[in-house]
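Please examine the model shown below before reading on.

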Amino acid sequence: RSATCPRVGGLASAFTPKNPMPDESSILTPEAVLAALDESACLDNVKLLWDASMAAFPPELPRFLDPAGIRTSMEWAGLDKSLEPVFEGVAARMAADPALRQLAWHACWRVFDAPEDSPLKTWPSLEKSLGPESGVFYLIVSLDLVPRLRAFHRALGVPEAITRDTCRQIWSFTDNFRRGQGGRPGMYKRQLSWLRHYAREPLFRIGRLEFWLRPYVPGPAVYRNRTTGETLALAGDNLRFDRNGFRIVPEEPTGPEEWTSRLVTDERSVTGFPISPYGRAINREASLPLDAWECVLRKGSMVLDVHIPAGGNMSVEACADSFRSAVVFFRQYFPKALPAAIVSASWIFNPGLEEFMPPDANLVRFLRELYLFPVPCSPDSGIWFIFFQDKFDPATAPRDSRLQRAVYNYITAGNRWRISGMFMLLDDVPRVGTRHYRSTWPPAVLK
């Protein structure tokens with residue numbers, strides 16, 4: 001509990017602001033708010049949409065600072081009850097300080113109500129005003145997701161168990177903060193903005209994984225043989241690849257044996273460069289007759305875009321159960337938008353994992369079940385989720401876990417770090433556990 005806000009007369013009185021809620025005349029400018037918090041360097045981002053959010057500033061205590069609401073949201077989010085005194089102290093300080101209160105409202109409005117996504121990555125750390133509890137400021141703001149998500153899911157008729165599991169994304173983000181900040185409670189401001197999607201999109205946690213029903217972001221076109229069921233992905237048109245079959249980003253210099261893909265379709269066939277399920281494009285054209293091969297995944301196809309919350313237990317069995325349950329869920333609740341595949345792009349699907357992780361590691365076993373494909377990425381793509389650093393720094397990168405040590409050794413040995421994409425056609429979900437795509441590779445057309 002904060003020493004500056006002792007508990008007097010119970011929890012409710014601890015949250016009673018020392019100053020009344022501001023009327024229009026007491027709304028501060030973003031410059032005044034940041035000056036009061038000694039955080040003026042962050043002005044450019046904070047002042048975005050300030051007038052719009054302040055026009056909606058409530059005359060009463062903002063909902064996410066209400067003590068009863070905090071307790072309820074903590075329980076739905078899976079947060080440990082032992083954190084309640086910390087929330088009590090920080091929330092009371094936010095309620096009593098006009099600068100903190102208005103900044104918190106602005107953060108909440110930007111995340112959940114702004115007409116477009118409005119990330120807070122460059123917002124102030126607030127360490128000068130809140131010290132070691134600074135991350136709790138953003139965590140408290142995040143709790144406004146819970147009542148929003150509950151209302152959204154009720155309107156969709158979604159079971160409460162799904163709602164509760166989806167609310168636990170807040171816990172997942174606090175786990176990232178705990179691991180990256182020496183056990184302290186809080187939430188990284190860069191992750192707070194992601195919560196916007198749960199309250200307005202068909203994005204649900206089902207078992208171990210989360211699934212977002214949305215159109216396919218352009219990746220490879222995927223074809224299936226009408227007779228044999230063989231699957232083949234073809235690279236898009238005019239994409240640069242290195243000699244190992246990985247994508248080259250525009251800022252990278254031309255390398256030896258670099259090549260460019262093409263994809264041409266006419267009335268009878270499609271001709272392009274194959275991608276193997278091992279995640280590499282092949283510098284060899286293949287022509288598929290369309291009377292024998294059907295395009296089953298293309299730009300605009302509805303898919304289940306997978307996201308992986310923190311928390312471990314990425315076993316094949318847990319992921320397979322999540323895949324199967326998601327198929328049942330979306331067919332029941334979204335029957336008019338049936339997805340063609342489960343897709344994702346993440347460091348978790350980096351083909352390099354097979355080079356430096358043991359073969360029985362959960363991540364290695366899981367990626368072997370999927371059809372991988374190369375995506376453009378920088379050497380630091382996804383590295384934040386492993387070391388909580390925007391750019392890998394060997395001098396300061398933590399090596400507390402087996403994964404961190406393995407990735408550290410891989411990168412410092414001179415290997416190029418990557419992320420990769422993956423897909424699994426919904427018809428193949430029952431085959432999880434058989435390494436279906438690898439066991440049927442290559443298709444006869446490439447032999």
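The paragraphs that follow describe the fold as a whole and then the second largest pocket.

The model is predicted. Its secondary structure comprises 19 helices and 15 strands. The radius of gyration is 25 Å, close to the 22 Å that the globule rule gives for 447 residues, so the protein is as compact as a globular protein of that length. Along the principal axes, the C-alpha trace spans about 75 × 50 × 40 Å.

Of the 447 residues, 53% count as buried, that is, they have under 20% relative accessible area. Among contacts with a separation of 6 or more, 73% are made by residues 24 or more positions apart. The protein exposes about 19600 Å², and carbon and sulfur atoms supply 51% of that area.

Attention now turns to empty space. Rolling a probe the size of a water molecule over the atoms shows where such space is left. The second largest pocket has a volume of about 500 Å³. Its lining consists of 30 residues, and those nearest the centre of the pocket are Tyr216, Val217, Pro218, Gly219 and Pro220.

Which strands each supply at least two residues of this lining? They are β3 (221–225), β12 (302–307), β13 (341–346) and β14 (371–374). The largest share, three residues, comes from β13. By class, the lining of the second largest pocket has 21 nonpolar residues, together with four polar and five charged ones.

Methods
Residues numbered from 1 in each chain as written. Predicted model: local features only at pLDDT ≥ 70, side-chain atom pairs only at ≥ 80, totals over all residues. Heavy atoms only, no water. 1 Å grid on protein atoms, 1.4 Å probe; cavity = no way out; pocket = protein on both sides within 12 Å on 5 of 7 lines; lining within 4 Å. Points joined across faces, edges and corners; volume = space filled by probe spheres on them. Helix = DSSP H or I, 4+ residues; strand = E, 2+ residues; numbered from the N terminus. Nonpolar A, V, L, I, M, F, W, Y, C, P; charged D, E, K, R; others polar. Rg over C-alpha atoms; globule rule 2.2 N^0.38 Å. Buried < 20%, exposed > 50% of the residue type's maximum accessible area, 1.4 Å probe, protein only. Contact = heavy atoms within 4.5 Å. Areas by Shrake-Rupley, 256 points an atom, 1.4 Å probe, with all protein chains shown as cover.
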